[in-house]
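The following note sets out several points for a reader who is meeting this structure for the first time. Please keep the sequence and the 3D view open while reading.

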Amino acid sequence: MSSTTNQVIRCKAAVAWEAGKPLVIEEVEVAPPQKMEVRIKILFTSLCHTDVYFWEAKGQNPVFPRILGHEAGGVVESVGEGVTELQPGDHVLPVFTGECKECAHCKSEESNMCDLLRINTDRGVMIHDQKSRFSINGKPIFHFVGTSTFSEYTVVHVGCLAKINPLAPLDKVCVLSCGISTGLGATLNVAKPKKGSSVAIFGLGAVGLAAAEGARIAGASRIIGVDLNANRFELAKKFGVTEFVNPKDYKKPVQEVIAEMTNGGVDRSVECTGHIDAMISAFECVHDGWGVAVLVGVPHKDAVFKTSPLNLLNERTLKGTFFGNYKPRSDIPSVVEKYMNKELELEKFITHELPFSEINKAFDLMLKGEGLRCIIRMGE
């Protein structure tokens, strides 16, 4: 790979030229990495709902033309000035949030919300010089959450790269760079269910099923899946879900249904939909005295959470989490090892595979609600 060091690389990328329009495979120029940056060759990327959300650009600032993508696995091609812990050939997972290792958040054992590299969905340029590393005929193409993995090569800040075991199959572990780690960590790192406990999971998409997988790994005896789509229960059984509740089947609030099922409430709940009603239900369905509810889903920016303060005074705990409380550089390599040690099953999250040339099909699958994760093979 050394022949391309310090050179502009021409490669294929899927460019979103405008909101909601199919991506176009274009030849782009990818500039060399600058200070504290790394250029990587993406081998596999997958599609997360966040990509679709910002591609549709219905609820946030439209930043186009843009290269989306943030769940991926690749190999370091070259490193910029000041990068010492990575070298060409290292296997990495790019992550939409970072870990500078120097700010108060990074030095805290309790936080993973880095001051420097926290997710910024509006920024389409690199932090170092406020410029894009992508261009077509001299016209800049914007970055997405610091990763832009829908390109055969991309440039990422070193703080947003997790160096992983080179023996780990990148076509499997690439899904750990966003949604699966978010759900898994919400349960294992934040809810922390005890062996034999009961857990309710609100929303059985990929993140919710990852939260259920965390409950299974923790040894929960009852994992209650809550979803408005009854078709999801059969698949959810593979992730340890033991019972299913569809709020549409009852005339009373679902938190009351769950309290009756569990003799007063579940020990833990994890909310993965982002809908306010589900958040309130997730909090109010945990047992008084020891119940813990964890919010994962991102609500509308104007949404307001409303509950009686007595629910807190009765010793229920409400927590939030960001990326499952994992620090990308420090913690994600060990999550990869959980997969390598067969503690964590990733294959069941991967329901489709497509070549890069058919990336728009992956968007169609997600818009139709089909499958969990679609792996896109680059370089074809």
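1. The second largest pocket holds about 260 Å³ of space. This value, like those that follow, comes from a predicted model. Which residues lie nearest the centre of the second largest pocket? They are Met36, Cys100, Glu102, His157 and Val158, out of 15 residues that line the pocket. By class, the lining of this second largest pocket divides into six nonpolar, four polar and five charged residues.

2. The space in the largest cavity is about 150 Å³, and of the 13 residues that line it, Arg123, Ile127, Val145, Gly146 and Cys160 are the closest to its centre. The lining of the largest cavity has eight nonpolar, three polar and two charged residues.

3. Helix 7 spans residues 254-261, and its buried residues are Val254, Gln255, Val257 and Ile258. How do these residues sit around the helix? Viewed down the axis of helix 7, the buried residues fall within an arc of 155°, so they line one face of the helix. After helix 7 comes Asn263, which has a positive phi near 60°.

4. Asn137 is not a glycine, yet its phi is positive, at about 50°. Asn137 belongs to the loop between strand 6 (134-136) and strand 7 (139-141). Is Asn137 buried or exposed? Asn137 counts as exposed because its relative accessibility is 78%, and the cut-off for exposed is over 50%. Asn325 likewise has a positive phi, of about 60°, although it is not a glycine. Asn325 is placed in the loop between strand 15 (317-320) and helix 10 (328-340). With a relative accessible area of 28%, Asn325 is partly exposed.

5. A peptide bond also calls for comment. The bond from Phe64 to Pro65 is cis, and its omega is near -10°. Pro65 is located in the loop between helix 1 (49-56) and strand 4 (71-79).

6. Lys172 is part of helix 3, which covers residues 170-173. Lys172 has a relative accessible area of 18%, and it therefore counts as buried, since the cut-off is under 20%. Which residues does Lys172 contact, leaving aside neighbours within four places in sequence? Lys172 is in contact with Tyr339, Leu346, Glu347 and Ile350.

7. Gly205 lies in the loop between strand 10 and helix 5 (206-218). When residues up to four places away in sequence are not counted, Gly205 touches Arg232 and Leu372. Gly205 and Asn311 are 106 residues apart in sequence, and their C-alpha atoms are 28 Å apart in space.

8. The last point concerns an annotation. An unreviewed UniProt entry gives residues 206-337 the annotation "domain: Alcohol dehydrogenase-like C-terminal". Over residues 206-337, the chain is 38% helix and 15% strand. The end C-alpha atoms of residues 206-337 are 20 Å apart.

How values were computed. Residues numbered from 1 in each chain as written. Predicted model: local features only at pLDDT ≥ 70, side-chain atom pairs only at ≥ 80, totals over all residues. Heavy atoms only, no water. UniProt positions renumbered as here; feature names shortened; annotations may be inferred. Helix = DSSP H or I, 4+ residues; strand = E, 2+ residues; numbered from the N terminus. Buried < 20%, exposed > 50% of the residue type's maximum accessible area, 1.4 Å probe, protein only. Contact = heavy atoms within 4.5 Å. 1 Å grid on protein atoms, 1.4 Å probe; cavity = no way out; pocket = protein on both sides within 12 Å on 5 of 7 lines; lining within 4 Å. Points joined across faces, edges and corners; volume = space filled by probe spheres on them. Nonpolar A, V, L, I, M, F, W, Y, C, P; charged D, E, K, R; others polar. Arc of directions from axis to C-beta.
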